[in-house]
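The following note sets out points for a colleague who is about to examine the model. Please read it with the sequence and the structure at hand.

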Amino acid sequence: MTLPDLTAIELREAIATRRISSAEAVAETFAQIDRLEPTVGAFLSLFRDEAAARAGDVDRRIAAGEPVGALAGVPVAVKDVLCTTFGATTCGSRMLERFHSPYDATAIRRLLNADAVIVGKTNMDEFAMGSSTENSALGRTVNPWAPDRVPGGSSGGSAAAVAARLCPVALGSDTGGSIRQPASFCGVVGLKPTYGRVSRYGLIAYGSSLDQIGPFGRTVADVALLLSVIAGHDPADSTSVDENVAPIADYLDGLDEPVEGLRIGVAPAFNAGAEPSVRAALEAALDVYRSAGAQIVEIDMPHLDYAIAAYYVIATAEASSNLSRYDGVHYGYRTPDPADYVEVYTKSREEAFGQEVKRRIMLGTYALSSGYYDAYYLKALKVRNLIRGDFVRAFEKCDAIVMPVAPTTAFKIGEKVDDPLKMYLGDIYTISANLAGIPGISVPCGLDENSLPIGLQVLTPAFSEAKLLRIARMYEAATDWHTKKPAMVQ
Amino acid sequence: MSDISYEVIVGLEIHVQLCTKTKMFCSCELSFGQEANARVCPVCLGMPGSLPVMNGQAVEYAMLAAMALNCTVAPFTKWDRKSYYYPDLPKNYQISQYDLPIGSHGYIEILLDDGQTKRIRILRAHLEEDAGKNLHTAGNFSQVDLNRAGTPLLEIVTEPDMNSPSQVRALAVELQRIMRYLGVSEGDMQKGHMRFEPNINLAITRPDGQFRTPIVEVKNLNSFRALERSVAYEVQRQLDDFLETGVTLQMGNKSTRGWNDQDEVTVLQREKEEAHDYRYFPDPDLVPVTTTPPWLDEIRSRLCELPLARQTRYVTQYGLSDYDAGVLTAERPTADFFERALAAGGEPKRVCNLLTQVGLKLAKDRGGDLSSLDLEPVAVADLAKMVDAGTVSATAANTILESMVATGKAPAALAQELNLIQTSDAGELEGIVDQVLAENVQAVQDVVTESKKSKKARGFLLGQVIQKTKGQANPKVVSEILERKLK
């Protein structure tokens with residue numbers, strides 16, 4: 001087993017016991033990046049010197065017997081939606097191509113406090129709007145399993161980086177599936193925590209009531225480790241949850257203990273829309289849980305069919321407001337030669353935002369406009385409540401809900417770019433968790449006829465990440481899909 | 001022309017800057033006069049990824065103000081984004097309160113010139129963050145100073161219940177007094193702590209019907225005087241305009257005019273009310289606020305007797321004049337000081353005179369209020385008692401009060417030190433009176449014969465006695481002795 005194959009947990013053990021140094025781990029990481037990144041295109045920026053310096057510092061402290069953090073010396077990649085004081089924070093947009101944040105996001109601070117080594121920032125759909133990373137204005141990321149296919153999105157860079165063994169773990173953000181779907185497409189584990197579990201401070205906002213930062217890894221344990229580092233209340237984020245209300249935990253504790261008397265909920269009618277290979281993998285996964293002693297119960301989720309419509313009203317409404325500060329006056333690209341003051345606004349936005357971002361700003365602006373607010377935004381909020389209700393009722397009958405992550409496996413680059421509606425419909429299985437605010441995880445559960453990874457999605461009630469991870473781990477422990485590697489790293 | 005009558009109709013929109021320690025949604029200190037963009041952080045700059053966190057003190061100040069304005073305090077309120085693009089607005093939306101203002105449906109009582117009170121209804125009072133300031137002093141580009149961005153503002157909207165320039169002024173003065181009493185705003189108009197924007201029009205009655213002139217909103221008012229005069233100016237201007245053009249109020253013909261303080265005129269700024277669509281929606285970055293009954297009770301316990309109520313009470317309870325009561329209640333430290341002196345046994349009128357004639361002047365000279373002087377209310381009460389007991393004269397008491405402030409010494413000690421103790425000992429004074437009478441035969445003659453000079457002569461003799469005692473004779477006692485001896 002070569003170093004890039006090590007998990008974050010194995011790597012931190014090796015570094016802590018000085019079997020290898022963090023400096024070596026980081027050097028090997030960049031060697032792997034040098035080999036594969038020209039094909040994969042996972043990163044928008046790399047921090048070779050800073051990473052080497054940090055690794056050296058961690059090594060010194062370990063040698064000196066000083067205490068070190070939970071990720072001491074472990075290379076980590078972060079999605080370029082998180083503000084960092086080092087490098088640019090671009091959001092994959094021309095608009096912020098030259099934006100340098102004067103502060104670090106809370107999640108970044110927590111990584112650094114845990115002595116992680118941040119090696120680079122990963123590619124993404126512009127402002128996290130998209131499901132294929134094709135909407136990035138600054139780079140093209142491919143799926144490590146099939147370079148003619150998309151890695152998923154919007155956190156496609158982070159998923160591809162972990163899949164291609166460019167780093168063991170990474171952070172992404174998930175507004176409508178942007179962690180789980182690329183994790184599924186790239187054959188890695190991706191977790192969207194409960195809304196409020198991880199501080200959003202320093203996460204450049206797309207849909208503020210839906211956005212949540214979460215980890216990618218190749219194992220459930222690595223994802224649990226990363227969540228333990230980034231979770232917790234932050235006074236700088238009013239929507240981050242009080243730990244007295246929802247205590248955080250070391251999510252590695254008891255991770256391997258199966259959940260006794262587990263009841264898994266399934267909504268067959270809702271899942272019927274997935275393509276056959278995905279449905280087959282889901283059925284097989286249910287058998288795995290049955291074999292582990294779980295009971296499978298049928299649940300009814302009558303309102304999930306309206307999730308996409310509600311989501312694309314709420315998310316775009318919030319986005320239209322969140323993105324209004326990028327105007328060439330306050331933040332972002334400024335048009336070089338405006339005729340007047342109004343043109344500074346109009347031309348800067350016209351020239352620096354991509355098509356999908358403009359489309360969503362238009363949709364959201366329309367939904368919030370006087371005379372349309374009640375028909376669109378308010379109605380969408382009501383649907384959101386109904387969807388929350390569906391989950392509350394479902395969780396009275398089961399501990400977790402299992403469903404596909406996406407109706408298909410990774411599609412071809414360019415296949416859907418001209419058909420936004422088709423792209424939106426691909427979010428059908430992931431969006432509800434964001435609307436309901438509950439946690440969801442994607443774990444590898446098969447390969448389709450083209451040897452493309454399939455993901456299994458598990459959802460549990462709000463703030464039950466510990467249980468969610470255990471349930472996901474039960475599946476992982478009984479299968480070997482998470483050990484499959486794309487051809488490029490074999 | 002003579003058979004035309006009109007009524008002035010004015011409503012006010014008021015922005016009150018709350019004197020919290022920090023800004024509405026971040027921990028930057030409030031700023032006045034600092035170097036541009038010195039009091040800013042990622043949050044009030046609206047940096048990508050930054051998030052607002054509500055300032056609890058601002059909410060409590062707003063609740064307190066709403067209670068004092070007799071408003072209903074919302075049991076549940078929230079934050080909304082108000083979208084518009086402007087360089088001084090960092091996020092291109094302002095965090096405000098749209099449909100659930102923290103206070104609604106209250107009123108404020110003002111004192112009219114005839115001594116009657118009038119109720120001005122308040123439609124709503126809501127909290128919001130202030131914007132920054134655009135500066136156009138750098139040649140061919142503009143600059144933005146965001147020190148003020150994020151400062152907590154309480155926006156108060158009245159119903160159009162004011163019917164004269166003086167009523168508008170009275171409302172403004174009363175509101176300032178209330179905000180200062182509550183300690184929720186410094187209320188300095190010059191510094192922009194209170195910004196008043198009147199909406200003015202006229203209801204005109206003529207034999208051919210009733211007419212309403214187009215509503216004008218006036219901005220740029222930096223003093224009570226400017227506020228009052230701008231309303232007076234608008235009344236005349238709108239009347240003239242109506243008589244000349246006949247234009248009346250219609251949808252969309254409200255205009256905005258700016259007050260020119262130099263020329264004392266309003267100048268057209270915006271002809272038509274633009275059809276703004278602010279696309280309000282609840283701010284997902286902030287959690288709603290539930291004002292629980294225990295919290296409301298706690299805030300209510302901080303309410304004090306409001307200035308107008310105090311002023312009225314001073315007249316009825318202490319027999320002070322309207323004027324004196326107004327002076328004493330203008331600032332809360334003055335009224336509090338006054339009442340503490342009364343509690344220590346000072347006679348109201350006597351204490352009032354000492355404070356209004358000397359105390360306030362000294363405080364003003366030192367740029368503060370009474371509480372900033374090295375002066376205890378109980379010491380002022382002691383001094384007042386000395387006047388009442390005839391130990392010192394009222395004039396001497398003023399001198400003593402000045403020395404008390406200068407030296408911090410007790411009034412009795414100062415009276416000794418400055419030789420200001422009055423002699424009221426009739427026996428001692430009798431001798432001096434006899435001596436004066438003996439020395440001034442002509443004056444005595446004038447008095448006794450009740451000649452034309454009698455009154456003047458009496459005064460002269462009294463003066464002579466006072467002089468001989470180096471001002472320490474109690475004039476009242478001396479007069480009595482003189483009266484008796486010259487019968």
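**Notes on the predicted model**

1. Across the interface of chain B and chain A, the rule finds 1 salt bridge. The structure is a predicted model, and the points below should be read accordingly. The salt bridge is formed by the side chains of B:D285 and A:R200, with a distance of 3.1 Å from N to O.

2. The interface also holds 20 residue pairs in polar contact, counted across chain B and chain A with both residues at pLDDT 80 or more. On the side of chain B that touches chain A, the residues divide by class into 20 nonpolar, 4 polar and 5 charged.

3. As to the extent of the contact, chain B contributes 29 residues and chain A contributes 37 residues. Between them the two chains bury about 2,700 Å², and carbon and sulfur atoms account for 56% of that area.

4. Within chain B, helix α2 covers residues 165-182, which is 18 residues. From its first C-alpha to its last the helix reaches 26 Å, close to the 26 Å expected at 1.5 Å a residue. Is this helix enclosed or exposed? Of the 18 residues of α2(B), 13 are buried, so the helix is largely enclosed by the rest of the structure. Just after α2(B) comes B:G183, with a positive phi of about 75°.

5. The side chain of B:R257 makes a polar contact with the side chain of B:E234 at 3.3 Å. Not counting residues up to four places away in sequence, B:R257 touches B:V216, B:E217, B:V218, B:K219, B:E234, B:R237, B:T266, B:V267, B:L268 and B:Q269.

6. B:T151 sits in the loop of chain B between β9 (143-145) and β10 (152-158). Although placed in a loop, B:T151 is buried, with a relative accessible area of 2%. A polar atom of the B:T151 side chain lies 2.7 Å from the backbone oxygen of B:R148. When neighbours within four places in sequence are left aside, the residues in contact with B:T151 are B:Q17, B:K23, B:M24, B:L30, B:E128, B:E129 and B:D130.

7. Most residues other than glycine have a negative phi, and most peptide bonds are trans. In chain A, the peptide bond joining A:G153 and A:S154 is cis, with omega about 10°. A:S154 belongs to the loop between β3 (117-122) and α5 (156-163) of chain A.

8. B:N70 is not a glycine, yet has a positive phi of about 60°. This residue lies in the loop between α1 (56-68) and β2 (72-73) of chain B. With a relative accessible area of 34%, B:N70 is partly exposed.

9. B:H105, also a residue other than glycine, has a positive phi near 55°. Its place is in strand β6 of chain B, residues 103-111. Is B:H105 buried or exposed? The relative accessible area of B:H105 is 59%, and the residue is exposed because the cut-off for that class is over 50%.

Key: Residues are numbered from 1 along each chain as its sequence is written. Chains are lettered from A and ligands numbered from 1 in the order in which they are written. This is a predicted model: local features need pLDDT of at least 70, side-chain atom pairs count only at pLDDT 80 or more; totals for chains, interfaces and linings use all residues. Side-chain values use heavy atoms; hydrogens and water are left out. Contact means heavy atoms within 4.5 Å. Buried area is the accessible area (1.4 Å probe) that two parts lose on being put together, summed over both. A salt bridge is a side-chain nitrogen of Lys or Arg within 4 Å of a carboxyl oxygen of Asp or Glu. A polar contact is a pair of N or O atoms within 3.5 Å; within protein, one must be able to donate a hydrogen and the other to accept it, and residues adjacent in sequence count only if both atoms are side-chain atoms. Ala, Val, Leu, Ile, Met, Phe, Trp, Tyr, Cys and Pro count as nonpolar, Asp, Glu, Lys and Arg as charged, and the others, Gly among them, as polar. Helices (H or I, at least four residues) and strands (E, at least two) are DSSP runs, numbered from the N terminus. The expected span of a helix is 1.5 Å times one less than its number of residues. Buried means under 20% relative accessible area, exposed over 50%, partly exposed in between (1.4 Å probe, protein chains only).
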